[in-house]
Amino acid sequence: MPTNCPCGTGLPYPECCGRAHTGSPAATAEALMRSRYSAFALGDRDYLLRSWHPDTRPRTLQLDRDQQWVQLEIVRTTGGTLLHTEGTVEFRAHYRAHGHAGFQHEHSHFTKHNGHWHYVGEVPA
């Protein structure tokens with residue numbers, strides 16, 4: 001396990017995204033986004049599927065073992081707080097794969113389902 005959380009907060013992993021990965025619900029849409037990024041970085045496919053909204057969740061998820069996630073950059077958030085039931089998080093997830101650097105830029109939609117935040121999908125452009 002990493003010492004500091006992969007999501008970039010500077011907190012130790014067990015005090016940050018590790019909590020969500022072991023069953024504590026993320027408090028906000030941004031916290032869920034960060035925990036999903038950390039799950040990608042750590043190869044936790046089960047958590048990624050559990051945190052996906054049941055209406056949009058794929059049956060399976062393949063992760064590229066050669067892709068190394070190196071930095072999460074939160075661009076902006078809307079809603080998604082304790083008082084909301086929906087929110088969005090725009091982010092850039094930087095990676096290295098097959099000797100090349102790149103990033104994924106996405107504006108994601110999150111919703112509370114049964115009291116827990118879930119990733120729904122990308123916000124349509």
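Biologist: Is Glu 90 buried, partly exposed or exposed?
Modeller: In this predicted model, the relative accessibility of Glu 90 is 13%. The cut-off for a buried residue is under 20%. Glu 90 therefore counts as buried.

Biologist: Which residue forms a salt bridge with Glu 90?
Modeller: The closest N and O atoms of the pair are 2.8 Å apart, and a salt bridge needs them within 4 Å.

Biologist: How many residues apart in the chain are Arg 76 and Glu 90?
Modeller: Arg 76 belongs to strand S1, while Glu 90 belongs to strand S2. The pair thus links distant parts of the chain, with a separation of 14 residues.

Biologist: Which residue meets Arg 92 in a salt bridge?
Modeller: Arg 92 lies in strand S2 (residues 86-97), and its partner lies in strand S1 (residues 67-79), so the pair ties together parts 19 residues apart in sequence. The N to O distance is 3.1 Å. The partner is Glu 73.

Biologist: What is the relative accessible area of Glu 73?
Modeller: Arg 92, at 24% relative accessibility, counts as partly exposed. Glu 73 is also partly exposed. Its relative accessible area is 29%.

Biologist: Which helix holds both Glu 30 and Arg 34?
Modeller: The side chains of Glu 30 and Arg 34 meet in a salt bridge, 3.0 Å from N to O. The two residues are four apart, about one turn of the helix. The helix covers residues 29-42 and is H2.

Biologist: Is Arg 34 buried or exposed?
Modeller: Glu 30 has a relative accessible area of 27% and is partly exposed. For Arg 34 the relative accessible area is 17%, and the limit for burial is under 20%. Arg 34 is therefore buried.

Biologist: How many salt bridges does a search of the whole structure find?
Modeller: One of them joins Glu 30 and Arg 34. The search of the whole structure finds three.

Biologist: Arg 36 is buried yet has no salt bridge; how far away is the nearest side chain of opposite charge?
Modeller: Arg 36 is placed in helix H2. Leaving out residues up to four places away in sequence, Arg 36 touches Tyr 47, Leu 48, Ser 51, Trp 52, Phe 110 and Tyr 119. The nearest side chain of opposite charge is that of Glu 106, and its distance is 7.2 Å.

Biologist: In what order do the elements of the chain run from the N terminus?
Modeller: The chain has three helices and four strands. From the N terminus on, the order is α-α-α-β-β-β-β.
The radius of gyration is 14 Å, close to the 14 Å of the globule rule for 125 residues, so the chain is as compact as a globular protein of that length. The order asked for is α-α-α-β-β-β-β.

Biologist: What share of the 125 residues counts as buried?
Modeller: The C-alpha trace spans about 40 × 35 × 30 Å along its principal axes. The chain exposes about 7400 Å², of which carbon and sulfur atoms supply 49%. The buried share of the residues is 36%.

Definitions and conventions
Residues numbered from 1 in each chain as written. Predicted model: local features only at pLDDT ≥ 70, side-chain atom pairs only at ≥ 80, totals over all residues. Heavy atoms only, no water. Rg over C-alpha atoms; globule rule 2.2 N^0.38 Å. Buried < 20%, exposed > 50% of the residue type's maximum accessible area, 1.4 Å probe, protein only. Areas by Shrake-Rupley, 256 points an atom, 1.4 Å probe, with all protein chains shown as cover. Lys, Arg positive; Asp, Glu negative; His and termini not counted. Contact = heavy atoms within 4.5 Å.
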